[in-house]
Amino acid sequence: MSEATVDATVDNSRRTWLITSCAMGGVGAAAVAVPFVSTFQPSERAKAAGAAVEVDISGLAPGTKMVAEWRGKPVWIMRRSEKQLADLEKIEPQLADPNSERKSVPTPAYALNRHRSIKPEVFVGVGICTHLGCSPGDKLTPGPQPSLPDDWVGGFLCACHGSTFDVAGRVFKNKPAPDNLEVPPHYYLSDTTLLIGEEKA
């Protein structure tokens, strides 16, 4: 066997070994990279936490409230009575921001009205006080009560520091909470079904 033939045989075996090694290294790198890259994707739980929430409000009677959860926040859905709607105008002089003009808390354009809602009778708001994040309690019964004025018409009281809100989520004057309650993006899929977390396209 000539010297040239031996060199060619050695070169071919080296080449085969080099190609095989590179291919195996590439497969190994891919096997390590796929799980690593997949960790950049949000989990199913995270996707669900940010997803819009469909809520059936067909059983909501006037003067009652239900709570849904969206992005880990309590969202209040309240069907206001005729009297509660009438009281919204009466108490406007007592409110810090009756027309939701402050921009520090989101208020969609369709909620920039006295009722802060798409439909006057249904209020949709995030039940978290704008002061330090406590959740206000229902004080829907009118009249004098502890921690409330004698002319109380009904609304919500944050027990943490005494902030009060009307049934449209508007904060009263001279309270620790600086802003009205947030109104989340929402729209009606039907007369009795709300979608919270998205705005109508």
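Modeller: Let's start with a term: a residue is buried when its relative accessible area is under 20%. Keep in mind that this is a predicted model. Here, W152 and F172 are both buried.

Colleague: Thanks! Is E182 buried or exposed?

Modeller: E182 counts as buried, because its relative accessibility is 17%. It sits in the loop between strand 7 (164-165) and strand 8 (186-190). Beyond its neighbours within four places in sequence, E182 is in contact with K73, V105, P106, G125 and V126.

Colleague: How many aromatic pairs are there?

Modeller: Rings of Phe, Tyr and Trp pair if their centres lie within 6.5 Å. The count by that rule is two. W76 and F156 make a tilted pair, with 4.3 Å centre to centre and 35° between the planes. W76 belongs to strand 3 (residues 73-79) and F156 to strand 6, so this pair ties together parts 80 residues apart in sequence. Both W76 and F156 are buried. W152 and F172 have ring centres 5.6 Å apart and planes at 40°, so that pair is tilted.

Colleague: Which residue lies over the face of W76?

Modeller: That is K65, at 4.1 Å from the ring centre. Likewise, K119 lies over the face of Y188, at 4.3 Å from the ring centre.

Colleague: And what is the strand order in the open sheet of three strands?

Modeller: The order is 5-6-7, with antiparallel pairing. Strand 5 (137-139) and strand 7 are at the edges with a single partner strand each, so one side of each has no neighbour in the sheet. Strand 6 (residues 155-157) and strand 7 pair over two bridges, and the bridge partner of L157 in strand 7 is T164.

Technical notes:
Residues numbered from 1 in each chain as written. Predicted model: local features only at pLDDT ≥ 70, side-chain atom pairs only at ≥ 80, totals over all residues. Heavy atoms only, no water. Helix = DSSP H or I, 4+ residues; strand = E, 2+ residues; numbered from the N terminus. Buried < 20%, exposed > 50% of the residue type's maximum accessible area, 1.4 Å probe, protein only. Contact = heavy atoms within 4.5 Å. Pairing = 2+ DSSP bridges. Phe/Tyr/Trp six-rings, centres within 6.5 Å; stacked < 30°, edge-to-face > 60°. Lys NZ or Arg CZ within 6 Å of the ring centre and 35° of its normal.
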